[in-house]
Amino acid sequence: MAATPTTPAPKTNHIGLTVIDYRGGKTTLCAGCGHNAISERVIDAAYEMGVQPENLVKLSGIGCSSKSPAYFVSRAHGFNAVHGRMPSVASGVALANHQVMLLGISGDGDTASIGIGQFVHLMRRNLPIIYIIEDNGVYGLTKGQFSATADVGAKLKTGVINDLPPIDTCALAIQLGATFVARSFSGDKRQLLTLLKAAIAHRGTVMLDVISPCVTFNDHEGSTKSYKYLKDHDEPVQEIGFVPSFENIDVDYDPGTTATVRMHDGSELRLRKLDRDYDATSKTGALRVMAEAHEKGEVLTGVFYVNTHAPSFTELLHLADEPLSRLPESVVRPSRQVLDEIMKGLQ
Ligand SMILES: Cc1ncc(C[n+]2csc(CCOP(=O)(O)OP(=O)(O)O)c2C)c(N)n1
Ligand code: SF4
Ligand SMILES: [Mg+2]
């Protein structure tokens, strides 16, 4: 008698979850929007790294990009903040519970226009957060006006030309103190996935600017954030490899041309040199190379700067091991006697 065929058990990650456990709701963004590809990579990275969904806090502001957290890891916590104000909500979450993993999704408008004040202060604190800008150079949700990351000379569909210089969010983040700064392209599956996995292993501010074409308002001839422009001008500064701590670290690599960065959890980030000599541990070197590339109209991608030694904001504050949100009132509330003494001191 022939054996009854059995359905193979679904593949699981090292915490026993399947990729389905990391999915979100069905996207309502336009078909082909770069933001959808980023959500897919977040799902893959969270699955491959074995992120505990209930330990993840997804935060965003307002925009098509800021809707994205609804489309991945439904089992996580989520907070959709006011336009450009996600960093202050994220800071509050990190202080209330420094054991959760923060993932902020913003847009170029949300970050570099209305939210720039909050963004710069977030970057200088090195708060443990992965902050992703889904960067399409326009305000997609409000029908495609230029944002502050649009390049000089970029053209809208209506023929309007941008004559203001862009804010380079990566250069700004490096200058201000973020400790893992990278740029990628939503169409580069491999590079983006590797960067996201390394970002999960980092403890400090990860600022990841992902060029993410808006197919409805900014994917035409004359745009510098279109799929075609990126395909023609994307210049990776290095080839990126990542070996998570729970995998066999002894995989072959060429140490002569590869710089290895050991991440906080013991994982290894391997940066293999390409044509140009790029040192991702030098702030000044990174800023110079980025400025030179900008003058040539190249879109550099890869890890621009990484520093695994700087203390994160929560370490600087010497917070108690037990998260504030879990401490009982009997511990966090001063007694009547203590309050009376304080009041006496004020008289
Ligand atoms: C306080 C406030 N001002 C303005 C708006 C209108 N508004 C909504 S989304 C948006 C810009 C979104 O652009 P971006 O962050 O780049 O996201 P995208 O839609 O391009 O992904 C603006 C100006 C708003 N919702 N709230
Ligand atoms: S309008 Fe642009 S940014 Fe918004 S969902 Fe559509 S393609 Fe994406
Ligand atoms: Mg935008």
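Where is Asn-136 found? Asn-136 sits in the loop between β4 (129–135) and β5. The close-ups below come from a predicted model.

**View 1**
Leaving aside neighbours within four places in sequence, Asn-136 is in contact with His-35, Asp-108, Ser-212, Pro-213, Cys-214, Asn-218 and Lys-225. Look for Asp-108 in that list. Asp-108 returns in the next view, beside a metal ion.

**View 2. Three residues coordinate the magnesium ion (ligand 3).**
The donors are Asp-108 (OD), Asn-136 (OD1) and Val-138 (O). Their distances to the ion run from 2.1 to 2.3 Å. In sequence, the donor residues follow the spacing D-x27-N-x1-V. Both Asn-136 and Val-138 are buried.

**View 3. Ligand 1 has 17 residues around it.**
Cys-64, Ser-65, Gly-109, Asp-110 and Gly-140 come nearest. An oxygen atom of ligand 1 is 2.9 Å from a polar backbone atom of Cys-64. A polar side-chain atom of Asp-108 lies 3.0 Å from an oxygen atom of the ligand. A backbone N or O atom of Gly-140 is 2.8 Å from a ligand oxygen. How much of ligand 1 does the protein bury? Taken alone, ligand 1 exposes 590 Å², and the protein buries 74% of that.

**View 4. Helices and a strand build part of the shell around ligand 1.**
α2 (64–67), α4 (108–112) and β5 (138–139) each supply at least two residues. Which element gives the most? That is α4, with 3 residues. By class, the shell has 6 nonpolar, 9 polar and 2 charged residues.

**View 5. Ser-65 is buried in helix α2.**
Why does Ser-65 count as buried? Its relative accessibility is 6%, and the cut-off for buried is under 20%. Not counting residues up to four places away in sequence, Ser-65 touches His-35, Ile-105, Ser-106, Gly-107 and Glu-134. Ser-65 is also one of the residues that come nearest to ligand 1.

**View 6. The shell around ligand 2 has no charged residues.**
The residues around ligand 2 are Leu-29, Cys-30, Cys-33, His-35, Cys-64, Asn-136, Gly-140, Cys-214, Val-215, Thr-216 and Phe-217. They divide into 7 nonpolar and 4 polar residues. Cys-64 and Gly-140 are among the residues that come nearest to ligand 1.

**View 7. Asp-168 caps the N-terminal end of helix α6.**
A side-chain oxygen of Asp-168 lies 2.9 Å from the backbone nitrogen of Cys-170. The helix covers residues 169–176. Within α6, Thr-169, Cys-170, Ala-171, Ala-173 and Ile-174 are buried. An α-helix has 3.6 residues a turn, so residues three or four places apart point the same way. Gly-177 follows α6, and its phi is positive, near 130°.

**View 8. Arg-203 is a partly exposed loop residue.**
Arg-203 lies between α7 (189–201) and β8 (205–211). Is Arg-203 buried, exposed or partly exposed? At 37% relative accessibility, Arg-203 is partly exposed, since that class lies between the 20% and 50% cut-offs. The Arg-203 side chain reaches the backbone oxygen of Ile-200 at 3.2 Å. Leaving aside neighbours within four places in sequence, Arg-203 is in contact with His-264, Asp-265 and Ser-312. Arg-203 and Ala-310 are 107 residues apart in sequence. In space, they are 9.4 Å apart, C-alpha to C-alpha.

**View 9. Lys-143 and His-318 have positive phi values.**
Phi of Lys-143 is near 85°. Lys-143 is found in the loop between β5 and β6 (145–146). With a relative accessible area of 64%, Lys-143 is exposed. Phi of His-318 is near 50°. His-318 lies in the loop between α10 (313–316) and α11 (329–332). His-318 is exposed, with a relative accessible area of 69%.

Key. Residues numbered from 1 in each chain as written. Chains lettered and ligands numbered in written order. Predicted model: local features only at pLDDT ≥ 70, side-chain atom pairs only at ≥ 80, totals over all residues. Heavy atoms only, no water. Near = heavy atom within 4 Å. Polar contact = N/O pair within 3.5 Å; in protein donor to acceptor, adjacent residues only side chain to side chain. Areas by Shrake-Rupley, 256 points an atom, 1.4 Å probe, with all protein chains shown as cover. Helix = DSSP H or I, 4+ residues; strand = E, 2+ residues; numbered from the N terminus. Nonpolar A, V, L, I, M, F, W, Y, C, P; charged D, E, K, R; others polar. Donors = N, O, S within 2.8 Å, 3.2 Å for Na, K, Ca; no water. Buried < 20%, exposed > 50% of the residue type's maximum accessible area, 1.4 Å probe, protein only. Contact = heavy atoms within 4.5 Å.
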